[in-house]
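I opened my notebook for this one. I wanted to look at how the two chains meet, and then at one residue.

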Amino acid sequence: MSMLRSSSNGSSGLLVLFEESGRNVERTGSLLRELLDDFPEHSSLARDILICEQEGDRITHDIIHEMTINGSKLDQRDAYELARALDDVVDYAEETADSLELYGVEAPMEQAQELAAVLAGASEAVASALTHLRAGEDVSSELIEIHRLENEGDRISREAIASLFKSGTDPMVVIRWKDIFESLEQAIDSCETVAHVIEGMRLKRR
Amino acid sequence: MQESQSAAIHFAPAPVSNVTGVRVQPGPIRLAVIDTDTGFVRVLGKRVGEMGWQHRVLTAPPRPEDLLSMRLHALIVDLAMLGPSGWEFLEHVCDSVPGLGVIVCTGSSSVAQRVRGLRIGADDWITKPCHPQEVIARVEAVVRRRKRSAPGAAEDGPLLAGELEIRSDQFQAFVGGQSIDLTRREFELLHLLAKARGRVLERDEIYQHVWGYAMVHGDRSVDVFVRKVRQKIERFSPDWTYIHTHFGIGYRFEPEAPDDEPTEAPPEEVPSSA
């Protein structure tokens, strides 16, 4: 199915920037998964994630600049929503990495590792969808995958938070991990927001 | 003094615990009182507070795992307040928290009831009305007896295992007289495992004793700290294996030299020079 043909609608620069943002999201998700998988062995990865977050801010700024200066045939509200959701994925992932240090976390939780794996999968699908979007190709399978992963993340997150409130748990563990689970879930939710916006753009182009 | 009226309260983790869950290091006595007699708990609370004890007033019977996580030395319970389920509660607590000193402090009772309570596992029985000073003295006596009979009570001497010397008086382990630079928590973990030499300790059990709280499902703290301890030991004693993983269960301490069968001897206790 043909979608947003960059050559015909004059939004090429914007779609290139979205693709770049998608790659940044994918890299962030992958780094966070690596950080949590072996935490605290590779704590320095948090610094790389922070660089991704700064890179995300730059790309978002470039997207807004591109829309302001050159305009776009893409719906401006959609473009803005998409840029913001992509930025949110990276921001929440960075918040998660930062919390691990800020809260003095000494060891990971399995549920956080599972959520990070889900986020990495969703980020990969986001990047793939944005590449296909620029090429005017079908993105259905990516959008379906993102929705599936969001549901999976929601389930893991609910169970993880419930497990914290069992009797006898260290209150500090509850405080730390509730925040971390929530920021991971918000990062995954932001991937779904990306999928929703792309879906909306696709419908408008029909 | 800390005081509260909740059934789910936690004290700050204590420095060292033995395998029965009771603290063995000297310090303020940690006491919980299950009683709704406000006059009694107020007067008792004032007195123990002045003595520097930490105490909690619980208005509902907590679960044994909650009591364990509070790392108490002693529990005073008014069985009359708990009603018919009081006996069951008493039995459950005495069975589940074996290191805890339990003192029943209740209204008039028959000889049969007192005998039943003591046989179930209560350490002492006080009949109300009673003087708070007597209650305090009895708690002290129970805690004293508990400490004397606790498995870790005679652990002042270094624990020798393979090339490792584990010294609880210094919260450190040594190889050839050289400190392996364990943190407090790493030491507590190693000490706990070494005291239970040859026995597999489950992750939940290790967490409960070292961190002082119930382990949340999925928490990898025990695995991470075992890894850290192994790495530190390995730097100084690379040819020996001390901590063995039992997948899906936990860890077992057993020093094994290269190509050696596991040693059968229990950890050697030597008198402390400190």
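Predicted model: local features only at pLDDT ≥ 70, side-chain atom pairs only at ≥ 80, totals over all residues.

The rule asks for a side-chain nitrogen of Lys or Arg within 4 Å of a carboxyl oxygen of Asp or Glu. One salt bridge joins D38(A) to R227(B), with the closest N and O atoms 3.9 Å apart.

Next I checked which helices (DSSP runs of H or I, at least four residues) supply the side of chain A that touches chain B. I noted α5 (110–135), α6 (140–164) and α7 (171–204), each with at least two residues there. The largest share, three residues, comes from α5(A).

I then looked up the contact (heavy atoms within 4.5 Å). Chain A gives 19 residues and chain B gives 19 residues. In chain A, E106(A), S167(A) and G168(A) lose the most area to chain B, together 31% of what that side buries. Buried area is the accessible area (1.4 Å probe) that two parts lose on being put together, summed over both. For chain A and chain B I read about 1500 Å², with 52% from carbon and sulfur atoms.

Last, I turned to V143(B). Is V143(B) buried or exposed? V143(B) is buried, at a relative accessible area of 5%; buried means under 20%, exposed over 50%, partly exposed in between (1.4 Å probe, protein chains only). V143(B) sits in helix α6 (residues 132–149) of chain B. Leaving aside neighbours within four places in sequence, V143(B) is in contact with I29(B), H73(B) and A74(B).

I numbered residues from 1 along each chain as its sequence is written, and chains are lettered from A and ligands numbered from 1 in the order written. Local features need pLDDT of at least 70, side-chain atom pairs count only at pLDDT 80 or more, totals for chains, interfaces and linings use all residues, and side-chain values use heavy atoms, leaving out hydrogens and water.
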